[in-house]
Amino acid sequence: MLLYVLKEGTTTVGREDAEIEHDIELTGALVAPNHCMMEHDERGVITLTPIDDAKTFVNGEQVEITTTLHHGDRVVFGGDHYFRFNNPAEVKDSSNRQSSSSSLALQRQKGFEFAREELFRIQNERLEAEIEEAKMRANEAALAEIQVAKEEAQKQLDSQKMQHEMKL
């Protein structure tokens, strides 16, 4: 198991062949040279901010804006680097508020396979929605083309009818 401890302040994530050195260096075609930043503030809150269009997912959802991480979140960088975010301060706070043994047991069940399937399921749902939207747009475009062709055919028919009547 590999463990990264986030320092207070900014932790950068990127490719190891980037022009600048990152706190967390990863490899892979889908990892951007400067992938994201994680901010750890004095209250113990951790936020993740993707840089440009770097593929970054939290709990299977692609994030494009600054997102607060919570204990047990599944974070994926570039599609193939899976991490489970652990925040001991959050666990301590939740145990003060409620008995968290059942929620901790549930979090333990959400390992690599769960994160991989979650990412696949959510991305598949998004892809299916995009395909359905593309089909609807294609149908609308086809109907519009049919309407234009129908109007053009009617104009030609009217013109031919007029020419025929003029001959008579």
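Two strands count as paired when DSSP finds at least two bridges between them. Helices (H or I, at least four residues) and strands (E, at least two) are DSSP runs, numbered from the N terminus. With that in hand, here's a look at a predicted model, where local features need pLDDT of at least 70, side-chain atom pairs count only at pLDDT 80 or more, and totals for chains, interfaces and linings use all residues. Residues are numbered from 1 along each chain as its sequence is written, and side-chain values use heavy atoms, with hydrogens and water left out.

**The sheet**

- In β4, you'll find P50 as the bridge partner of C36.
- Strands β3 (residues 34–40) and β4 (residues 46–50) run antiparallel to each other, paired over 5 bridges.
- Zooming out, 5 strands make an open sheet with mixed pairing, in the order β2-β1-β3-β4-β7.
- The edges belong to β2 (24–26) and β7 (67–69); each has a single partner strand, so one side of each is left without a neighbour in the sheet.
- Neighbouring strands of this sheet are turned by 25 degrees against each other on average, direction ignored; the axes here are lines fitted to C-alpha atoms.

**The nonpolar core**

- A nonpolar core here is a set of buried Ala, Val, Leu, Ile, Met, Phe, Trp, Tyr and Cys residues joined through side-chain atoms within 4.5 Å.
- For burial, the cut-offs are under 20% relative accessible area for buried, over 50% for exposed, and partly exposed in between (1.4 Å probe, protein chains only).
- The largest core has 15 residues, and V13, M38, L48, L69, V75 and F77 have the most contacts inside it.
- At least two residues of this core come from each of β2, β3, β4 and β8 (74–77).
- Nonpolar side chains tend to be buried together in soluble globular proteins.
- Skipping neighbours within four places in sequence, M38 is in contact (heavy atoms within 4.5 Å) with a list of residues including L6, V13, I24, L48, L69 and F77.

**Aromatics**

- The whole structure has 2 aromatic pairs, counting rings of Phe, Tyr and Trp (its six-membered ring) whose centres lie within 6.5 Å.
- One aromatic cluster is made of Y4, F77 and F83.

**Salt bridges**

- There are 7 salt bridges in the structure, each being a side-chain nitrogen of Lys or Arg within 4 Å of a carboxyl oxygen of Asp or Glu.
- R15 and D17 form one of them, with the closest N and O atoms 2.8 Å apart; R15 is partly exposed at 22% relative accessibility, while D17 is exposed at 56%.
- E61 forms a salt bridge with R126, the closest N and O atoms being 3.0 Å apart. This pair links distant parts of the chain, with E61 in strand β6 (residues 61–62) and R126 in helix α3 (residues 112–167), 65 residues apart.
- E125 and R121 make another salt bridge, with 3.7 Å between the closest N and O atoms; both sit in helix α3, 4 residues apart, about one turn of the helix.
- E125 counts as partly exposed at 44%, and R121 does too at 42%.

**Around N59**

- You'll find N59 in the loop between β5 (56–58) and β6, partly exposed with a relative accessible area of 22%.
- N59 and L119 are 60 residues apart in sequence, yet their C-alpha atoms are 7.2 Å apart in space.
- Leaving out neighbours within four places in sequence, N59 is in contact with D73, R74, E118 and I122.

How values were computed: Axes fitted to C-alpha atoms, helices over the stretch in contact; angles between N-to-C directions. Phe/Tyr/Trp six-rings, centres within 6.5 Å; stacked < 30°, edge-to-face > 60°.
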